[in-house]
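Please examine the sequence and the model shown below. The paragraphs that follow proceed from charge and surface to overall dimensions and then to the domains.

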Amino acid sequence: MALLLVTGGCGFIGSHLCAALVARGDEVRVLDDLSTGSRANLAPGASLLVGNVADPATVRAAMQGVDGCFHLAAIASVARCTEAWLETHRINLSATIAVLDAARAGANGPIPVAYASSAAIYGVPELVPLDEDAPARPLSAYGADKLGCELHARVAGVVHGVPSVGLRFFNVYGPRQDPRSPYSGVISIFCERLARAQPIAVHGDGRQTRDFVYVADVVAALLAALPAARAEAPVFNVCTGQPTSLLELVASIGRVCRTPPQVSHQPPRLGDIRHSVGSVLRARQALQLAPPVALDDGLAQVIAWL
Ligand code: NAD
Ligand code: UD1
């Protein structure tokens, strides 16, 4: 049994991770400011420190005595990061440095850190599927800060010997992703609208593709990644390798709900990426990951949760 810190453990992905850690017998400490997460999401058995991950003293206190840290707290909305550039930079990058800095001062040597990066570091893909060596050309403050996390994790390893591993999540979906948030992902929005018998809005021709990864697969990747943390600061895509077009997604949701969706076609979103799909090869090999949850099975879980 280990004592593990999960920053952002009251959020969408963090709450699923904490439940899995408690289930396997670990002691879990959560640091969360409850800004987008909620107390209701806290996994039974986990303890909660309400505080700001951008505050170094708070992070040092939260890291006391832990065997490892999953750092997920961030402002996950790209749109919010565009609006509040400097404020979100302090949370998305400076707070990661605070975590890595605290990790170098572990009582028994540096503390391993697994942290959330994002497919947003790639910007517009030149070629899909994207492997980890594809050029990183972020197009948003959010993506730039996530890339910054990877660079500082590298520095933490080289200069201070902190073992880390970065996970570039693609489009994550699953229960507890708030469909009412204006920044929610397309799957939560579509499932909720269908459940309320409302039309769903497809932006553009619907032939754009995404790599939708179910939250349980993200948790499995996080669990496998922490023991793989190294001073060399490896990074891995967390994705399925399967492109799904929006039209295919709409058809899958209709199939799972047994209700033909009403679709309203809307103009394309400004700057919408046409195709975003990751390569799973490196992560699958290094982290021994099982095949991903099929889209229809993941959608059924979201619909059951709504
Ligand atoms: P989320 O908003 O549900 O979770 C983030 C959690 O961090 C929330 O509980 C929030 O209250 C907490 N938090 C935010 N600012 C904080 C602060 N200053 N101090 C302490 N806690 C704070 O988002 P999520 O979707 O679960 O994302 C988790 C991580 O995964 C984030 O780092 C995000 O950038 C990354 N990510 C998510 C996706 C996705 O598709 N959901 C894709 C790529 C990367
Ligand atoms: C995600 C981020 C986005 C970021 C991008 C770059 C989220 C929710 N969005 O966008 O902020 O810029 O990664 O890495 O994390 N769509 C519809 N109808 C809707 C909602 C969405 O047609 O009601 C379409 C979008 O135009 C897009 C696709 O669905 O083509 C997926 O949208 P979304 O879930 O927002 O994810 P990304 O576009 O990948």
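**Charge, dimensions and domains**

The protein carries 24 positive and 25 negative side chains, and the centres of these two sets are 2 Å apart. Lys and Arg are counted as positive and Asp and Glu as negative, leaving out His and the chain ends, with each charge placed at NZ of Lys, CZ of Arg, CG of Asp or CD of Glu.

This is a predicted model, in which local features need pLDDT of at least 70 and side-chain atom pairs count only at pLDDT 80 or more, while totals for chains, interfaces and linings use all residues. Residues are numbered from 1 along each chain as its sequence is written, chains are lettered from A and ligands numbered from 1 in the order in which they are written, and side-chain values use heavy atoms, without hydrogens and water.

The accessible surface (Shrake-Rupley method, 1.4 Å probe) amounts to about 14,000 Å², and carbon and sulfur atoms contribute 55% of it. Of the 306 residues, 50% are buried, meaning under 20% relative accessible area.

The C-alpha trace spans about 60 × 40 × 40 Å along its principal axes. The radius of gyration, taken over C-alpha atoms, is 19 Å, in agreement with the value near 19 Å for a compact globule of 306 residues; the globule rule is 2.2 Å times the number of residues to the power 0.38.

An automatic or database assignment divides the protein into domain 1 (3–171 + 213–238) and domain 2 (179–211 + 242–277 + 293–305). Their C-alpha centres are separated by 27 Å. Contact, defined as heavy atoms within 4.5 Å, links 15 residues of domain 1 with 10 residues of domain 2.

Methods:
Buried < 20%, exposed > 50% of the residue type's maximum accessible area, 1.4 Å probe, protein only.
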